[in-house]
Amino acid sequence: MKDLIGIKELSRQDIEEILNTAKAFKEVLGRDIKKVPTLRGKTAINLFFEPSTRTRTSFELAEKRLSLDVLNFSVGTSSVVKGETLYDTLKTIEAYNVDYIVIRHSCSGSAKFVAEHTPASVINAGDGTNEHPTQALLDAFSILEVKGRLDGLKIAIVGDIIHSRVARSNLYLLSKFDTEIRFIGPPTLLPVENPDNVKIFYDLKEGLKDVDVVMLLRIQLERQNAAYIPSLKEYFKIWGMKKESFSYLKDDAIIMHPGPMNRGVEIATEVADSSRSIILRQVTNGIATRMAVIYLLTS
Amino acid sequence: MKKSIEKELLNEQEIERILTRITHEILEKNKGAENICLIGIVTGGVYLAERIKNKIKETEGIDVPLGILDISFYRDDINITKKRKAIKPTNIPFSIDDKKVILVDDVLFTGRSTRAAMDALIDFGRPAEIQLAVLIDRGHRELPIMANYTGKYIPTSRDEKIKVNFKEVSGKDSVLLIKT
């Protein structure tokens, strides 16, 4: 495989190969010397046309741990503000002879466009509302680590599903396994048409019954002004994950969040910092999973 | 289609005897089992290392530490090969600092795997010594590497293959020479 554009195009076998390889990289990250010489002499560029701290740093660390030389390119400091097109930016980068391009862009389909126009391996780090494949992979890896399996699990995704590339990639991934997926949130933020393995709930309590995994999504603060939700306070009251919610959760249900969190909007502070939360584990696993993806791509 | 010919070079009993001999050679050279540890190279080397460990336990009564090493991340052909082999996570749950490390592999061929394994080991610490034990040495070295303990030296041609079967996987131990 040359690129990772989305989970949609992957087979269950591809996903299992990535997760299995990530396990080996997690071992590397636990060593005193957390770096392997695997991709010495190769170069990666992180092209971020949208603000991001954690995804970019996670990719950067993954690349450095694989001994890649790393270039960072952020929109604020680049020629894009001077009007350069994506195509021309790409051709310039190509002239540097880079081997891996990690791209985040606000336009859905941008990663695919870049992949089709370059011999380098392209990894989608989030394209518009389309996909964020490495997030779904690290989520699956984290679930697998804690639960030991994906098959047979009930997984609830709570919040702004329609605008979320994280939810979309997770839906594609979890659907390749034998899972029950539930979308929970206000009707304005849930898709109208859904695949058969997805159940819709407008009520948090009802939706969380019997689930093994709760994935919370970030409520983007600008949604409030677009009238998707009455107010952030009201969202928290009705769909926010609070300590009280634990009373109707399964004892071993875990709580996940892709970050960055809005404490007091989609998640209460006590929940974020509780023993059920595996949010920081997700961050650590992000590095191992991204190392696995980079390692497995060959152009 | 050309038919491939298989010839059995070693059977179960012969392999067993070889491992007993290698175990004694290890104990003789290191004057016992104090301060040694075994590292099996994935996958064949791991089975062999486990057996040597058991044999040391039988003769000396000492449980020597056993680690598993996957050398994929240290290979020098990563840019040449398109296909990535499945990885088994490395597991060395003890310090190798100042230990005599016995690397165990099934077949010694070009020596490149041994080079990769030594580079990997250095990332784990500073062993007092690294020694190499192999079941089969088939020649064709591309690097200046030699085993301290060799089960059997088998001169081969480059287009031949050596296949080592293990009870743990195929139900029976054997070493086969395959001509295609």
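Select P260(A) to begin: this residue sits in the loop between strand 9 (254–256) and helix 9 (269–272) of chain A. Helices (H or I, at least four residues) and strands (E, at least two) are DSSP runs, numbered from the N terminus. The peptide bond that leads from G259(A) to P260(A) is cis, with omega near -10 degrees.

The model is predicted: local features need pLDDT of at least 70 and side-chain atom pairs count only at pLDDT 80 or more, while totals for chains, interfaces and linings use all residues. Residues are numbered from 1 along each chain as its sequence is written, and chains are lettered from A and ligands numbered from 1 in the order in which they are written.

**The sheet that contains strand 9**

Now display strand 9 of chain A with its sheet. This open sheet of 5 strands has the order 7-6-5-8-9 in chain A, with parallel pairing. Two strands are taken to pair if DSSP finds at least two bridges between them. Strand 7 (198–201) and strand 9 of chain A are at the edges with a single partner strand each, so one side of each has no neighbour in the sheet. On average, neighbouring strands of this sheet are turned by 20 degrees against each other, direction ignored. For angles here and below, axes are lines fitted to C-alpha atoms, for helices over the stretch in contact, and angles run from 0 to 180 degrees between N-to-C directions.

Select strand 6 (residues 180–184) of chain A next; its parallel pairing with strand 7 of chain A extends over 4 bridges. Within that pair, R182(A) is opposite K199(A) in strand 7 of chain A.

D210(A) is not a glycine, yet it has a positive phi of about 70 degrees.

**Helices 5 and 6 of chain A**

Select residues 133–147 and 165–175 of chain A, which are helix 5 and helix 6; their axes come within 8 Å and cross at roughly 55 degrees. The two helices are therefore oblique to each other. Angles under 35 degrees count as roughly parallel, over 145 as roughly antiparallel, 65 to 115 as roughly perpendicular and the rest as oblique. The crossing of helix 5 and helix 6 of chain A is right-handed. A crossing is right-handed if the near helix is turned clockwise from the far one by less than a right angle, and left-handed if anticlockwise.

To see the contact, show P133(A), Q135(A), A136(A), D139(A) and A140(A) of helix 5 together with V166(A), S169(A), N170(A) and L173(A) of helix 6. Two residues are in contact if their C-beta atoms, placed from the backbone, lie within 7 Å. By class, this contact has 5 nonpolar, 3 polar and 1 charged residues. Ala, Val, Leu, Ile, Met, Phe, Trp, Tyr, Cys and Pro count as nonpolar, Asp, Glu, Lys and Arg as charged, and the others, Gly among them, as polar.

**The two domains of chain A**

Colour chain A by domain: domain 1 is 12–131 + 284–296 and domain 2 is 133–280, with bounds from an automatic or database domain assignment. Taken over C-alpha atoms, the domain centres are 26 Å apart. Their contact takes 20 residues from domain 1 and 17 residues from domain 2 of chain A. On the domain 1 side, helix 1, strand 4 (121–127) and helix 10 (279–296) of chain A each supply at least two residues. Helix 10 gives the most to that side, with 6 residues.

Strand 1 (residues 43–48) and strand 2 of chain A pair in the parallel sense over 6 bridges, and T43(A) stands opposite D69(A) in strand 2.

**Across to chain B**

Show both chains: 13 residues of chain A are in contact with 13 residues of chain B. Helix 1 (residues 12–29) of chain A gives the most to the chain A side, with 6 residues.

In chain B, select helix 1 (residues 12–29) and helix 2, which pack at an angle of about 65 degrees with their axes 9 Å apart. Their crossing is right-handed. Finally, select T43(B), in the loop between strand 2 (36–41) and helix 2 (44–60) of chain B. The peptide bond from V42(B) to T43(B) is cis, with omega near 0 degrees.
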